[in-house]
Amino acid sequence: MTTQPLSSARYNPWNRYRLMKQVSRTLMHAVGILLSALCFLPFIVSVSASFTEEKALSKNGYGFYPPVFSAAAYDLILKVPQDILRSYAVTFFVMILGTILSLLVMAPFAYALSRRDFGPRKFFAFYVFFTMVFSGGLVPWYILIKQYLHLADTLWVMIVPFLVNGFTLIILRSSFAALPQEILDAARIDGAGEWRILTQIAVPMAAPTLAAMGIFIALGFWNTYYPALLFINDRKLYPLQYLLYIIQTNMQMFTANPNVTGISVPTISLRYAMVVLIGFPVLFFTLFFQKYFVKGVYLGGIKE
Amino acid sequence: MIQLTESPAADLHQQRRLPEGGRVPFYARLWRFLRKNGAWLSMCAPSVILLFIFSYLPIYGIVIAFKNYKAGRGIWGSEWIGFKNFEFLFTTDTAIRTVRNTVILNLIFLVTGTIAALLIAFLLYELYGSFLMKFYQSLMFFPNVLSWVIVSYFVFAFLNTETGLINNALEKYLAGYKQILWYQKADAWPWILMIVNLWKGAGAGSVIYLAGMLAINPEYYESAAIDGASRWQQRWHITLPLLRPLLMIQILLALRGIFSADFGLFFFVPNHMNSPQLYATIDVIDTFVYRSLVKLGNVGMAAAAGLFQATVGFVLVMLCNWIIRRIDPDYALF
């Protein structure tokens, strides 16, 4: 501030104001760092537990760093990787196919719902809304899938019932409705069919929202456990999250394996090694697609 | 039938040279409808079929709640027993307990979650634009993308009796401390779940409020600051009143679902199947239905509880939607 006299800097109220501002800003950063650390802390504890020697772990308990370093848990997983690799394959298959099919099924529907000229638009919108406000509950859904559709113990049970979702449909419909309709109408006058308008104009223009929704759908499939909990008994079809749930109480897949006879199984660190192996991909996923996640949460919040 | 000249049917008469005054045959109207809407209808078909199978057929299955369901005899073969399942359900303590737990815990989650999300949004707003703010936001967002199974392992690392961080720390720094068996302490679990829920959801919950705050014209704050308003006064007297519509909507949206619990949170984090001693405080409708169906095999009661939940939930949704529409129609479901 050139107008301020420099000689009395010590008593200058303007400097005091700036100092206060600096202090409060530093304090706020401190709170930010604290909260971020709290959010990340359990992950550090898990990584530490997975690298701690089993005896030290049961003696000293969990900590933020391994007192006695050991990679025995990871060694063991490398020795008998079949189960976890198969679960990875199941989860990747479900995630990739589920996300693609979900968008392929929902995007055209959302587009049709966004078109003003579409005659039965209101009827179909109500058709979707009704599924969002009323459901038959778990039991009829369970019986239908298990006893009538015979989807239990198939990969499809983790994909097909979850392909269409009312909330995602509404978000997609709003994003299509927000496109400049003149462009779509112009394409129509030029002789483009509706499918062509959808694939060559509407989808590229709505791509950011589609990507955000696609990432959310993918995350949902990555974290899938509910269909497995209800319908999957065949251990060849366990998705990752369900495998992780199973080993909470049952380490048989490791202890009963002929390859590990004679080795004492580090049960606690092994569990946390699995947590790390299953949690880390999501961490990277989030860091890379942070922008889309935030956008997705925002869209979900304003039009849920 | 009187045909006006502008009506689509009149067009049809001209195009297809149908006799004047004659009724447009059904097949012609259908053909015209299909020709106009066919592409859109084909876009709708896959979703409509999937929704029909997985959302509408189960609604048809609510009759199970009024039957003595036997898997071998199918839905229609099982005998009707009227409201017996409901009578059985509501004469046990379980029904009242689960409904009470569901509503109370959801209310606790709603209040604490909203306050935490607002505070985080205030913080991120103050630091908006700095590189570190993005970093904080990333880290606080991270718990939201994890599955409840992973979170349950995190909680276990803190709470298990012999090796858990909390017991260990308290033992070290608190003389005469006796280890607490957290996984059997029913009174503590509503608060444990509240903290876990905050930990997972607050960062993501702040996104919507931060966006709302960024939409507020900063001139309001500038003029308030000139008048001597402190930061908290600005938040209280300017930000909150301006965020009120958004806040109301978010609260109403959450109230819609107050009868259904987040299954993963209640199932995995307290290790539900192996901790029946915690049911008094944290058994909710969703876990009860699951347990009755899969573990106890009491299909009729599970169906009755599910139908009760769906019906009350439906009334709540309609009510909240009606209020939301009066505040801001853009946010209403319909």
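**Close-up views of a two-chain predicted model**

**View 1. The largest nonpolar core.** Of the 208 residues in the largest nonpolar core, A:Phe254 and B:Trp189 touch the most other members. A nonpolar core is a set of buried Ala, Val, Leu, Ile, Met, Phe, Trp, Tyr and Cys residues joined through side-chain atoms within 4.5 Å. Buried means under 20% relative accessible area, exposed means over 50%, and partly exposed lies in between (1.4 Å probe, protein chains only). Helix α5 (residues 93-126) of chain B gives the most to this core, with 14 residues. Helices (H or I, at least four residues) and strands (E, at least two) are DSSP runs, numbered from the N terminus.

This is a predicted model: local features need pLDDT of at least 70, side-chain atom pairs count only at pLDDT 80 or more, and totals for chains, interfaces and linings use all residues. Residues are numbered from 1 along each chain as its sequence is written, chains are lettered from A and ligands numbered from 1 in the order in which they are written, and side-chain values use heavy atoms, leaving out hydrogens and water.

**View 2. The surroundings of B:Trp189.** Contact means heavy atoms within 4.5 Å. Leaving aside neighbours within four places in sequence, B:Trp189 has contacts that include B:Trp182, B:Tyr183, B:Pro270 and B:Ile282. B:Val155, B:Leu159, B:Val269, B:Leu278 and B:Thr281 are also among them.

**View 3. Two helices of chain A.** Here the axes of helix α7 (residues 166-177) and helix α10 (residues 207-222) of chain A come within 10 Å and cross at roughly 170 degrees. Axes are lines fitted to C-alpha atoms, for helices over the stretch in contact, and angles run from 0 to 180 degrees between N-to-C directions. So α7(A) is roughly antiparallel to α10(A). Angles over 145 degrees count as roughly antiparallel, under 35 as roughly parallel, 65 to 115 as roughly perpendicular and the rest as oblique. From α7(A) come A:Thr168, A:Ile171, A:Leu172 and A:Ser175; they meet A:Thr209, A:Leu210, A:Met213 and A:Ile217 in α10(A). The residues of this contact divide into 5 nonpolar, 3 polar and no charged. Ala, Val, Leu, Ile, Met, Phe, Trp, Tyr, Cys and Pro count as nonpolar, Asp, Glu, Lys and Arg as charged, and the others, Gly among them, as polar.

**View 4. Where chain B meets chain A.** In chain B, 94 residues are in contact with 98 residues of chain A. The area buried between the chains is about 8,400 Å², and carbon and sulfur atoms give 75% of that area. Buried area is the accessible area (1.4 Å probe) that two parts lose on being put together, summed over both. B:Trp40, B:Met43 and B:Tyr153 lose the most area on the chain B side, together 10% of what that side buries.

View 5. B:Trp40 lies in helix α2 (residues 26-60) of chain B. B:Trp40 is buried, at 0% relative accessible area. Beyond neighbours within four places in sequence, its contacts include A:Tyr111, A:Arg115, A:Phe118 and A:Glu194. A:His29 sits in helix α1 (residues 13-51) of chain A. A:His29 counts as buried because its relative accessibility is 16%.

**View 6. Two loop residues with positive phi.** Most residues other than glycine have a negative phi. A:Asp153 has a phi near 60 degrees. Its place is the loop between α6 (138-148) and α7 of chain A. B:Asn271 has a positive phi of about 55 degrees. B:Asn271 is in the loop between α12 (263-268) and α13 (279-282) of chain B.
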